[in-house]
Amino acid sequence: MTGALSEHQLYEAAEELGFKLNPIKNIYELGEVPNGANIVLVSLPETPDTGHWVAIYKTKDYAFYFDPLGFRPPQRVKNAIHVNRGIYYNMEKIQPITQNHCGSYSLLFLRDMIHGRGGLFTRFRKHVSRYTI
């Protein structure tokens, strides 16, 4: 997986990696984030089809927000995540701002979260912060 991925390519790649994505949403269409593997397109209102892919892996108690650029979750995303205990997010920048691999990194993070192991899962655990609910 290299370069920018379309929504269709994200679904196909998730299937190849052995998991199913919940329906992909733009940040401005985001309702309550469902449990499981989620990818969200963070965009500007004037360009809703162009933006940056981030991943959210959610359980009943926790949510794990992954941004390959290392940005905190926007308030709109935090408001859409309803969990009992907390939202964890990465603080490490994995992808340079000049590259367009955010979809690939987001998929690999979700794969690692589902399996509880892997390179991005390990890095996430080392460079994580938490919003308390």
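1. Helix 1 meets helix 3 through Leu10, Ala13, Ala14 and Leu17 on one side and Gly103, Leu107, Leu108, Arg111 and His115 on the other. Contact means heavy atoms within 4.5 Å. These residues divide into six nonpolar, two polar and one charged. Ala, Val, Leu, Ile, Met, Phe, Trp, Tyr, Cys and Pro count as nonpolar, Asp, Glu, Lys and Arg as charged, and the others, Gly among them, as polar.

2. The model is predicted: local features need pLDDT of at least 70, side-chain atom pairs count only at pLDDT 80 or more, and totals for chains, interfaces and linings use all residues. Residues are numbered from 1 along each chain as its sequence is written, and side-chain values use heavy atoms, with hydrogens and water left out.

3. The chain has four helices and six strands. These are DSSP runs, numbered from the N terminus: helices are H or I of at least four residues, strands E of at least two. From the N terminus, the order is α-β-β-β-β-α-β-α-α-β.

4. Along its principal axes, the C-alpha trace spans about 35 × 35 × 25 Å.
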